[in-house]
Amino acid sequence: MKIFATRQLPEQILKAIESEGITVNQWAEKREMTKDEFLAEAAEAEGLFIMGGFKITADVIEALPGLKVISLMSVGYDNVDIKAATTHKIAVGHTPDVLSKATADTAFLLMLATSRKAFFHHKRIHKGEWKFFDPLANVGIDIHNKTLGVFGLGNIGFEMARLCKSAYGMDIIYHNRSTNKKAEDELGARKVTFDELLSQSDIISVHANLTPETKEVFNASAFSKMKPNAIFVNAGRGGIHNETDLKEALDNGTIWGAGLDVTNPEPMGADNRLLDMPNVSVLPHIGSAVKETREAMLELATENILAGLKGEKLPKCVNHEIYN
Ligand code: DGY
């Protein structure tokens, strides 16, 4: 059996897979591959170990007739055409739960950093601009006892809400398709309409999946309904906000600031104007990037791919329908 991994796997993971008699082909270059390169590398693969956001479109799936399983080292699966995978009875695995706390920490970090303009002040020192104390210049905003609005209250959104409630006594509102009873019982969270979320939140934190319904739902119209002192945090997917509209909302003072772990597009260019805005904090999609979490994600992704190759149910499967 053969698999293709889109990044180099750590030695112990490689050994664990190879000890099952599986041959692993790995992409070793430090650049994203083209589709043709991907198809050449993955030609004989029965399993794909996807690290990063390489797009597995329907034509990619159709070009790999031996494929049995796609194992993503991520909770998000918007880079895979799930419908096409399901049609071809290919199991898609992902890594939920193990990264919830680490990813919520990143959202919390961005909220706090943005509220105090921390990234901007760091850059000021670097540029030699820390010369004179002006008590009224470049001050932040207080986030104690404010209202957090969570867009997409799953496990990561729950952890973010829990942090904000315990650290800052925030009220929690959320917008979701389904009711999150645990968040309502434990955090007193209230489910609201999208418009209520926009108009009532002091901080909006995005943790939803990117789907046709959530694509660029944070656009000019949405920003215009938010409070002028609001902070927009996105640790979900960059495609959920429209970047041009976000810049305009920040320029015009329609909203106060933004903290982004994900950008639209990714990667963000070094000359992006958002990087020069005092009230904006940007990170390069490092939501779950702590050693312990990444190890747990690798382990789960390995369990998924091994199960798929053996024809067993994946421990964490996106498209359960294939087992019906
Ligand atoms: C995830 O797990 O979905 C992270 O955003 C990494 O892509």
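**View 1. Glu-29 and its surroundings.** The side chain of Glu-29 reaches the side chain of Arg-31 in a polar contact of 2.8 Å. A polar contact is a pair of N or O atoms within 3.5 Å; within protein, one must be able to donate a hydrogen and the other to accept it, and residues adjacent in sequence count only if both atoms are side-chain atoms. This is a predicted model: local features need pLDDT of at least 70, side-chain atom pairs count only at pLDDT 80 or more, and totals for chains, interfaces and linings use all residues. Residues are numbered from 1 along each chain as its sequence is written, and side-chain values use heavy atoms, with hydrogens and water left out. Glu-29 sits in the loop between strand 2 and helix 2 (35–42). Helices (H or I, at least four residues) and strands (E, at least two) are DSSP runs, numbered from the N terminus. Glu-29 is partly exposed, at 42% relative accessibility. Buried means under 20% relative accessible area, exposed over 50%, partly exposed in between (1.4 Å probe, protein chains only). Arg-7 is 22 residues away from Glu-29 along the chain, with 8.1 Å between the two C-alpha atoms.

**View 2. Helix 1 and its two faces.** Helix 1 spans residues 11–18, and its buried residues are Ile-13, Leu-14 and Ile-17. They line one face of the helix, because they fall within an arc of 100 degrees seen down its axis. The arc is that of the directions from the helix axis to the C-beta atoms. Gln-12 and Lys-15 are exposed, on the face turned away from the buried side. The buried residues of helix 1 pack against strand 1 (2–5), strand 2 (23–26), strand 3 (47–50) and helix 12 (291–309). Contact here means heavy atoms within 4.5 Å.

**View 3. Where domain 1 meets domain 2.** The domain assignment gives domain 1 (2–96 + 290–323) and domain 2 (100–282). Such bounds come from an automatic or database domain assignment. The contact takes 6 residues from domain 1 and 5 residues from domain 2. About 440 Å² is buried between the domains, 53% of it on carbon and sulfur atoms. Buried area is the accessible area (1.4 Å probe) that two parts lose on being put together, summed over both. The domains share 1 salt bridge. A salt bridge is a side-chain nitrogen of Lys or Arg within 4 Å of a carboxyl oxygen of Asp or Glu. Asp-78 and Arg-237 form a salt bridge, their closest N and O atoms 2.8 Å apart.

**View 4. Helix 11 from start to end.** Asn-242 stands at the start of helix 11, where its side-chain oxygen comes within 3.0 Å of the backbone nitrogen of Thr-244. The buried residues of helix 11 (residues 243–251) include Glu-243, Leu-246 and Leu-250. Their cover includes helix 10 (220–224) and strand 10 (231–234). Gly-253, just after the helix, has a positive phi of about 70 degrees.

**View 5. Two cis peptide bonds.** The Asn-264 to Pro-265 bond is cis, with omega near 10 degrees. Glu-266 and Pro-267 are also joined by a cis bond, with omega about -10 degrees.

**View 6. Lys-117, a positive phi.** Lys-117 has phi near 55 degrees. Lys-117 is in the loop between helix 5 (100–115) and helix 6 (118–126). At 9% relative accessibility, Lys-117 is buried.
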